[in-house]
Amino acid sequence: MDKIRWGVLSTANIAQTQVIPAMFRARNAEVVAISSRGSKVHAIASALNIPKAYESYEELLNDPEIDAVYIPLPNHLHKEWVYKAARQGKHILCEKPAALTSIEAAEMVEVCREQKVKFMEGFMYQLHPQHERVKEIIASGEIGNLKLIKSSHSFNLKNRDYDIRMEKDMGEVVYMMLVVILSK
């Protein structure tokens with residue numbers, strides 16, 4: 001199996017502590033570049049053993065050695081960078097929520113289809129093996145006829161006053177399930 005060569009658009013905490021380490025553990029992934037809007041990216045690239053560091057997102061997208069990008073930017077920037085990455089022929093894993101509205105999400109999906117690149121929201125729960133068992137239970141009728149499913153997504157946000165996710169203009173902790181749109 002060939003390795004997917006990843007570039008990361010941002011030095012976000014979730015990228016550094018969760019996603020990049022997971023990519024390093026994957027047999028089919030290789031993190032080859034990381035970008036930020038400034039020189040701090042070099043120290044982070046060095047600390048994480050990432051070979052290339054770019055001081056702009058555009059530079060990373062222009063790198064022909066990158067097959068796919070992970071976008072953990074603030075929510076309100078997702079659409080812009082998904083468009084730019086798709087137009088550069090990069091496959092995309094976008095942090096959740098991928099979009100601020102369902103209309104935005106549909107537009108992002110359409111751009112990716114037009115550019116023939118894969119697009120996925122980083123919503124890991126949809127791929128958990130427990131869901132196969134839930135499908136079996138529902139299909140078997142074991143619990144009767146299913147009429148409604150409700151779910152919620154939450155996390156502990158300790159420093160609300162200083163967290164970018166609480167900025168209304170930047171997509172204040174709006175979470176939407178885009179799984180249906182993105183899986184079509």
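Student: Which residue in E3 is the bridge partner of Ser35?
Tutor: In this model, which is predicted, the partner of Ser35 is Tyr54 in E3.

Student: And over how many bridges do E2 and E3 pair?
Tutor: There are three bridges between E2 and E3, and the two strands pair in the parallel sense.

Student: What packs on the sheet there, touching E2 and E3?
Tutor: That is helix H2, residues 40-48, whose direction makes about 160° with that of E3.

Student: What about H1, which strands does that helix lie across?
Tutor: Helix H1, residues 13-25, lies across strand E1 (4-9), E2 and E4, and runs at about 150° to E2.

Student: Okay, the sheet as a whole: what's the order of the strands?
Tutor: The six strands form an open sheet in the order E3-E2-E1-E4-E5-E6, with parallel pairing. At the edges are strand E3 (52-54) and strand E6 (119-121), each of which pairs on one side only.

Student: New topic, which residues have the most contacts inside the largest nonpolar core?
Tutor: They are Ile71, Ile92 and Phe119, in a core that has 28 residues. Among the elements giving two or more residues to this core are strand E2 (29-35), strand E4 (68-71), helix H4 (78-87) and helix H5 (102-114).

Student: How many residues are in the second core?
Tutor: That separate core has 17 residues, including Val19, Ala45, Leu48 and Ala68. As a general point, nonpolar side chains tend to be buried together in soluble globular proteins.

Methods. Residues numbered from 1 in each chain as written. Predicted model: local features only at pLDDT ≥ 70, side-chain atom pairs only at ≥ 80, totals over all residues. Heavy atoms only, no water. Core = buried A, V, L, I, M, F, W, Y, C linked by side-chain atoms within 4.5 Å. Buried < 20%, exposed > 50% of the residue type's maximum accessible area, 1.4 Å probe, protein only. Helix = DSSP H or I, 4+ residues; strand = E, 2+ residues; numbered from the N terminus. Pairing = 2+ DSSP bridges. Contact = heavy atoms within 4.5 Å. Axes fitted to C-alpha atoms, helices over the stretch in contact; angles between N-to-C directions.
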